[in-house]
Amino acid sequence: YGFFSFNNDKGFFTANSIGNKFASYLEAGLPIICLENYKLVESIIKKYGIGFSVSKEELGNFRDILNKKNKSDYANNVEEARTEFSMEKRIKDLEYFFEKVKVYKGSKIEKRH
């Protein structure tokens with residue numbers, strides 16, 4: 001398993017962050033475990049069936065939780081998630097982003113900064 005940042009912060013940044021660890025775990029073929037306050041990561045790992053989240057209070061029973069989970073089910077789904085998040089699949093999104101940055105760099109808004 002890959003453990004995604006066990007920070008107990010409940011702020012906006014934590015709830016919406018997805019660091020490079022996420023991609024590293026997928027590349028390594030590892031299912032992901034996170035605290036439930038990482039809402040974006042939690043939603044992705046549940047959607048793709050590639051891991052699970054726990055509450056801070058559940059960490060005392062973590063061994064029992066792990067024993068009830070079937071790691072191979074999560075691991076089998078990692079390959080599909082890797083494909084979904086691959087650069088080849090997301091190149092159009094990246095090109096769109098760069099085009100928007102290029103337009104912004106030539107705008108009056110950018111020149112005020």
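Start with the lining of the largest pocket: by class it has five nonpolar, one polar and two charged residues (Ala, Val, Leu, Ile, Met, Phe, Trp, Tyr, Cys and Pro count as nonpolar, Asp, Glu, Lys and Arg as charged, and the others, Gly among them, as polar). This is a predicted model, where local features need pLDDT of at least 70, side-chain atom pairs count only at pLDDT 80 or more, and totals for chains, interfaces and linings use all residues. Residues are numbered from 1 along each chain as its sequence is written, and side-chain values use heavy atoms, without hydrogens or water.

Select Ile18, Phe22, Ala23, Leu26, Glu27, Arg82, Phe85 and Ser86 to see that lining. Helix H2 (residues 20–27) gives the most to it, with four residues. (Helices are DSSP runs of H or I, at least four residues, and strands are runs of E, at least two, numbered from the N terminus.)

Next, pick strand S2, residues 32–35. Is it covered on its faces, or open? Both faces are covered: Ile32 and Cys34 on one side, Ile33 and Leu35 on the other, are all buried (under 20% relative accessible area, 1.4 Å probe, protein chains only).

Look for Val54 in S3, the bridge partner of Leu35. From S2 the chain crosses through helix H3 (residues 39–48) to S3.

Last, colour by pLDDT, the predictor's confidence in each residue, from 0 to 100. H3 comes out highest, at a mean of 95, and helix H7 (residues 108–111) lowest, at 57. Where pLDDT is low, the predicted coordinates should not be read in detail.

Conventions. Buried < 20%, exposed > 50% of the residue type's maximum accessible area, 1.4 Å probe, protein only. Pairing = 2+ DSSP bridges. Right-handed = clockwise from strand over helix to strand, strands pointing away. 1 Å grid on protein atoms, 1.4 Å probe; cavity = no way out; pocket = protein on both sides within 12 Å on 5 of 7 lines; lining within 4 Å.
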